[in-house]
Amino acid sequence: MQATFVPHPYVPGEGNIAFWGTQEPAAGAKDLGSGDWDTTAGSGRLPTLLPSEGSLVGVDVPAVLVPVGEAVRVLAALPLDDRPDRDLSDRDLPDGGPADGGSSDPGRPGPSVRAWAVAARLALEHVTAGHVSPVLRRSGTGRAFAHWRTDLGGDPRLVALAEALPGAAHALRLPDPQGGDPGTADESGEQRVWAPYPLLTVFCDAVADACVRATATDTATDTATSTSTDTDGDDWPRLWLRALTGPGTAAGTDVPDEALERQLAEWADAVGGERAAARIALRLALPAGPDEPWPLTFHLQTVDEPDVLVSAERVWATAASALTVGNRVLDRPQETLTEGLALAARTFPPVAACLTQDRPTRIGLTARQAAALLGDGGRALRTAGCGVLVPDELGENGGVLTPRLRVGSRRSSATGGHGGKAGSPAAARRSRTVAYRWEAVVGDEVLTVEETAALAARGEPLARWRDRWVRVDCERVDALAALVGSTGRLAMAEALSVVLCGRHRTEEFGDVPALAVGSVADLVGDLRQAGARKEPELAGVQAELREYQRTGVAWLQSLTGLGFGALLADDMGLGKTLQTIALLAGRSGERPQLVVCPTSVMSNWERELARFAPGLTVRRHHGSRRATDAAEFAPGDVVVTSYALLRLDAELLTSVDWDLAVLDEAQQIKNHTAQAARAASQLTAQARVALTGTPVENRLSELWSIMNFANPGLLGTHRRFKERFADPIEREKDPEAAERLRTISAPFVLRRLKKTVVEELPAKLQSTVPCNLTAEQVSLYRAAVASAFDTDGSLGTGIARQGNVLRLLTELKQICNHPAQYLGRGDRLAADEKLTGRSGKLERATEMLSEAVAAGHRALVFTQYRVMGDLLARHFQDQLGLDRVPFLNGSTPPEQRDRMVDEFQHSDTASPLLLVSLKAGGFGLNLTRASHVLHYDRWWNPAVEDQATDRAHRIGQTQTVHVHKLVTADTFEERIDALLESKRSLADSVVGTSETWLGALDDAALFDLVQLADSGDDK
């Protein structure tokens, strides 16, 4: 069965669907409609093109014609998935004769039937959405016809359907335009049948026309017919309405007036256009002369496209209820304009002068009124929902007299090298001060001192200057005139901070623009070029660097070559140590170099230096035989020491003129008041480098402390940093403050994440593992909570309260870990005393690790408690049948620590488990042989836990790393975990979290957090 739409020449709704292609098309069409529709409306022959003996010929095939209004009901309900083996895009005509259409299954609908079923659904969708409008159309016979059309709006689905329309669906032969024999097609045949898209659009019009006529009410018809039926021109609207709603099609025998036809066409276009919300817009223009009024004209403005404006003159001139602007339609334009003028008059009083006019289009403003519109008045109007347009030269980006700080003076020809030294240009320009000068500007044009004073003396909010209008703040122009021309000097770090941010904070004027010139501009350019450099100058390093590591070394060399410090904040495991060694190896060797790191990773630094830069002389400054005189540090030596000795030997280490000072795990100086941070800031070096994967753990002041080591003064004093950045970002989540901080620090910070630079690194699968409490744990937990709140339900105030909160959390953590830890028996259990059966967390950890060990995997187990670590080592050794389970903690000697790491990484006979203290082993270790990481108790700081996890998930790891975080169900552990996970994005982007924030909760909130849930009763 095939189907083709046969349009009516004048009224679309009287078109038909021709069903054909079978021996008995009437019966086939009736079967298609499940026998519930009328197929007796007509029969005939469909003029079409069919293949015959290798070519297409015009034939008239038997067909049944079904009115479109009747056919569309059945077509729309036709299932479209009954021919999965055929595609709508099958463009072939039936390949048999006209008798059966070549169908092997004549009872089933062909692709053309299914195509018109799709078209019927699309057409009905537009009709039910109201996308229809009436049309008055003249025919070639002199008669006028009325019908309804569908406003498709360029529906892309109809375009796609036209492209996929089967040939049989539009195989309706067109009459020969020359009047010749239509029975023979030309060579292609395509040009002799209807094109797909035009036929589809006519079909949609037919569906709309048929549907509207079928649902026209008797009232509408009676209203139309009760009036005069004369064919006089004045009665054409009534005749047109009658033809649209009644069964008749012709509106009359005479052609209607052309003006009426044009009006109806415009109205129909307006109905079919895209509706657009509009609002009033006030446009300010420049005056004709210095003493002339400022014209303020009124318009309608589309909300979504502010550039689309309609003048008030055009609005008042239209008599229609809708106004067409391009392909947009504005409803109720006059009402919208009237309401908008009333709103504008209430918001900006000068507009009220127009309300006495019948059809206001504009008013004239005084200079002060115009200035008010450019300032607070315009802001009030925009807040109220009105559009405000001002001349470009007076907009927010220009035309305003403002102060600007000009930083720098004459240009310097000095350039820095990679091996900066005392007295070198790099070191000199880093430490010197630079001049600044205040100036008055309009946009980028600078005023002279005399011009600024003249504008101040005039006291006009809008004044002429150099043949243009300028906005002047009369309240502050005198202060500006007094400021312009004054000069001073800034430290280089502060000057860089100002020009990198592009703004300078003042008490009188707020944030004002800052411009770098001369040598300062040169330096800013050099800094930006440092970030663009990709290839390093490698010397003395024996390693194959990855592409991102080469970029990192090039950045370090560029920045330190300029005499500035750098913060390499790559994610843990990306090779910060190797990149820094490449930097050290490429220095000039004219001075000693210093590396400060945690004691636990000193050996790692020595091994890596010996491995990757064997030409460097490495000197360990540690133990009783360490140097006591600065002269013992020879030029070119790389001195490796600890933070503890940086404090103890501060006088010695700060007296040395270092070439490069490196702080590894620089979060060790996050507290700027600590001795280590103060000693680090006093080091003398040509350049400083800080290395850390967690530049912010708890608060932004930690970032300030690290940055203040790398580039002292860049972020100002700690107090000023807190006021400008830390408080607005941490307390108010101020995006502008965060952006300013990023802008200033960006040239000096390089941060790369593993997931963005190391595609070959395997996945890290993290899961939170809930564990049940035992009955003993439930009893102890509830007792601890009750004891903390037993007096008056309060934990106290001030410092005492902080101590009480910390004590409560510690007790609850220990109870959740194991009762033996909480009861203080962890370090004095009898040799035969068992730990099993008393802790749900311990039982779950044992099960998980037993499975991992049985599968031949290796695992790291982190705990923050020394006592718990000892308990775990003993328990796992006993329960898992291991010879021993090593525990790496803060008291492990460096030699034993190195041996533990080496055995775990390389020995096949070593224990598959390594217990690690979170604080002692959370950094500086490479334990990539582990494929499981288990956090037995939680630090409640995502950054610290991630840093510990990345002892295994780092460069060199070849297995998927499974991270298991144990929490006890229904306790404060589960609630805090859920809370931190919900805020993880914030912790990752700006501020970390630690347990200190819990002290800020009030007693009721804290009690809700720590109390045991009711489900604990069953444990």
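I began with the surface: the protein exposes about 45200 Å², and carbon and sulfur atoms supply 50% of that area. I note here that the model is predicted.

**Overall counts**

I looked up the burial next. Of the 1019 residues, 51% count as buried. I then listed the secondary structure and found 38 helices and 36 strands. For contacts, I took pairs of residues at least 6 apart in sequence; 73% of these contacts join residues at least 24 apart.

**Cavities**

The structure holds four cavities of 30 Å³ or more. The largest cavity has about 80 Å³ of space.

Which residues line the largest cavity? I wrote down Glu-494, Ser-497, Val-498, Arg-503, His-504, Arg-505, Gly-713, Leu-714, Leu-715, Gly-716, Arg-720 and Arg-724. By class, this lining divides into three nonpolar, four polar and five charged residues. I also checked which elements take part: α16 (492–501), β22 (503–506) and α25 (718–732) each supply at least two residues of the lining.

**Helix α4**

I went to helix α4, which spans residues 156–164, and marked its buried residues: Leu-158, Leu-161, Ala-162 and Ala-164. I then asked what covers the buried residues of α4. The cover includes α3 (111–128) and α5 (196–215).

**Asn-817**

I picked Asn-817, which lies in helix α29, residues 798–817. Is Asn-817 buried or exposed? Its relative accessibility is 0%, so Asn-817 counts as buried, the cut-off for buried being under 20%. I listed its contacts, leaving out residues up to four places away in sequence. Asn-817 touches Gln-777, Ser-839, Lys-841, Tyr-865, Met-868, Tyr-936 and Asp-937.

How many bridges join β32 to β34? Five bridges join these two strands, which run parallel. As one entry from that pairing, I recorded Leu-860, whose bridge partner in β34 is Leu-914.

Key:
Residues numbered from 1 in each chain as written. Predicted model: local features only at pLDDT ≥ 70, side-chain atom pairs only at ≥ 80, totals over all residues. Heavy atoms only, no water. Buried < 20%, exposed > 50% of the residue type's maximum accessible area, 1.4 Å probe, protein only. Helix = DSSP H or I, 4+ residues; strand = E, 2+ residues; numbered from the N terminus. Contact = heavy atoms within 4.5 Å. Areas by Shrake-Rupley, 256 points an atom, 1.4 Å probe, with all protein chains shown as cover. 1 Å grid on protein atoms, 1.4 Å probe; cavity = no way out; pocket = protein on both sides within 12 Å on 5 of 7 lines; lining within 4 Å. Points joined across faces, edges and corners; volume = space filled by probe spheres on them. Nonpolar A, V, L, I, M, F, W, Y, C, P; charged D, E, K, R; others polar. Pairing = 2+ DSSP bridges.
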